[in-house]
Amino acid sequence: MDYQVFDTTLRDGGQREGISYTVADKLAVARLLDEFGVGFIEGGWPGAMPKDTEFFERAKTELDLKHAVLVAFGATRKAGVDVAEDPQVKALLDAETPVVCVVAKSDIRHVERALRTTGEENLDMVRDTVRHLVANGRRAFVDCEHFFDGFRHDPEYTASVVKAAFEAGAERVVMCDTNGGMLPSMVTKAIEQVVAMTGVSADRLGIHCQNDTACAVANTVAAVEAGVRHFQCTANGYGERPGNADLFAVVSNLQLKLGLKVLPDGCLEKATRVSTALAEIANIAPDTHQAYVGAAAFAHKAGLHASAIKVDPLLYNHIDPSVVGNDMRILVTEMAGRASIELKSRELGLDLAGHPDTLTKVTRKVKDLEATGWSFEAADASFELLVRSELPGADLARPFTLESYRVLVEHREDGTVISEATVKVRVRGERVIATAEGNGPVNALDEALRTALTGHYPHLRSFELTDYKVRILEGSHGTNAVTRVLLETSDHNREWTTVGVHENIVEASWTALVDALTYGLARTSAPAS
Ligand SMILES: CC(=O)SCCNC(=O)CCNC(=O)[C@H](O)C(C)(C)COP(=O)(O)OP(=O)(O)OC[C@H]1O[C@@H](n2cnc3c(N)ncnc32)[C@H](O)[C@@H]1OP(=O)(O)O
Ligand SMILES: CC(=O)C(=O)O
């Protein structure tokens with residue numbers, strides 16, 4: 001029997017604080033999830049929210065799903081109401097999805113205190129709703145809310161909800177850890193017990209885990225190991241409170257660690273791209289440290305790691321990152337050893353294998369600079385310039401040399417503040433002096449330097465400073481605080497980052513600026529005039 005990968009990013013994921021999908025967003029999310037190969041996409045609760053009703057309406061003509069089927073989510077009929085008359089149930093049928101998933105109370109305390117009805121009426125609500133859905137041609141899944149808490153409190157009652165749902169024709173009954181308080185061992189034990197009590201085989205059950213103990217992924221995997229074949233997840237773990245089980249971690253664990261085929265061929269390698277695209281749509285910064293798909297999931301900082309990775313990347317990676325569409329990266333910091341420098345340089349296209357002295361010098365220089373506030377981790381361009389400057393016969397021609405710069409800041413009577421910079425440089429033997437104004441000292445310096453250089457390097461005009469980050473670093477051992485500046489520059493094809501550190505913020509910015517232009521000019525192919 002196949003595994004059912006049931007995604008609820010558009011329903012439970014939308015319950016995360018800060019997410020508010022538009023209908024267009026929801027359609028885009030569904031397309032991406034389908035591309036990733038999930039079997040079921042729970043699209044929302046038709047009838048509860050106009051956007052969800054519209055989503056299901058538009059999905060009828062605008063979605064052409066290849067792998068997945070669409071699922072409408074709702075609740076069992078209201079207590080004391082004829083199921084055929086319940087507007088919420090009617091909206092579920094109007095969504096015209098092949099599958100409907102209804103949430104049912106399965107903890108007697110919730111039945112009595114939240115629903116304010118009897119255990120018997122709740123069982124009738126489950127039976128009536130499932131029979132009605134099945135009679136109308138739907139595959140019915142039942143989410144047993146608070147399954148694990150209810151089962152611990154009153155196993156007989158919770159088991160009776162499971163049996164009622166199956167007797168009425170449910171295809172899957174899903175055990176929900178609604179409050180997210182379980183641990184893997186508790187999940188395993190409860191599944192063994194419910195199987196023994198009901199006689200229902202585990203492969204007809206499903207699992208849905210909230211992440212309040214940070215165990216949602218582990219609990220989901222534990223349930224699958226206990227025989228469950230239907231598991232509910234959300235992309236990047238989005239969901240109510242701390243969230244849900246992360247789809248990408250769950251399927252990667254099942255497929256790569258347990259050898260279970262849960263996705264169609266060729267889908268797992270889309271994990272990183274799909275995860276990032278879904279974060280963009282949710283308008284949430286991708287989690288750099290997310291397992292499997294985060295940008296840092298295979299980023300190595302420690303020198304010892306790099307020295308073994310040089311021999312074989314799998315010595316320090318639990319999988320080949322390309323299997324989930326990710327990449328390994330080497331970070332260069334004070335923790336680097338010579339192997340880190342060699343691997344990072346190779347990543348940047350510089351082969352230092354035959355230059356042991358350069359490796360030693362660069363390693364020492366990086367450690368010394370980082371001790372005084374520099375940070376190369378995010379500044380690949382400055383690191384590359386540093387390596388090139390240490391290569392025998394230094395292979396980098398500096399595009400100019402500085403004679404001096406001066407910056408003035410003028411506060412005028414009308415309150416405007418203007419910065420003016422003058423730079424004096426030597427470019428290809430010519431002395432050039434240029435002055436420019438800017439809305440701040442760095443902007444004025446950038447303008448003046450470009451003015452001085454564009455005569456010789458016209459393509460420099462396409463460079464744009466796209467980000468400027470400043471951090472004041474505490475001085476240590478009686479020294480003054482220093483400023484670290486990170487500059488991101490773009491030529492509209494690629495971006496590069498440079499760093500500068502000094503007690504004076506303008507000088508720190510100047511250093512980063514000079515690296516930015518030097519690196520950009522060395523890298524761009526346009527011929528100098
Ligand atoms: C565990 C989960 O996360 S399940 C998903 C939960 N998702 C959401 O709640 C998001 C969408 N919800 C909504 O838009 C609204 O809550 C609605 C439209 C569903 C209901 O809104 P209202 O009619 O105003 O009711 P309200 O939200 O105040 O209360 C929920 C009602 O559903 C009842 N109810 C709760 N669970 C169930 C259930 N499994 N079966 C039947 N009825 C239920 C409650 O008893 C309550 O009934 P009452 O209005 O007669 O007191
Ligand atoms: C259904 C659901 O989202 C829950 O019980 O957590």
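Author: β4 gives the most to the shell around ligand 1, with three residues. This is a predicted model, where local features need pLDDT of at least 70, side-chain atom pairs count only at pLDDT 80 or more, and totals for chains, interfaces and linings use all residues. Residues are numbered from 1 along each chain as its sequence is written, and chains are lettered from A and ligands numbered from 1 in the order in which they are written.

Reader: Which residues are closest to ligand 1?

Author: A48, A75, T76, V103 and L115, out of 15 that surround ligand 1; a residue is near if its C-beta atom, placed from the backbone, lies within 6 Å.

Reader: Why is helix α10 called largely enclosed?

Author: Eight of its 11 residues are buried, so the rest of the structure largely encloses α10. Buried means 20 or more other C-beta atoms within 10 Å of a residue's own, with C-beta atoms placed from the backbone (exposed is 12 or fewer, partly exposed in between). F248 and N253 are among the buried ones.

Reader: How do you know that β1 and β8 pair?

Author: Pairing takes at least two DSSP bridges, and β1 and β8 have four, in the parallel sense. In one of them, F6 partners Q232 of β8.

Conventions: Helix = DSSP H or I, 4+ residues; strand = E, 2+ residues; numbered from the N terminus.
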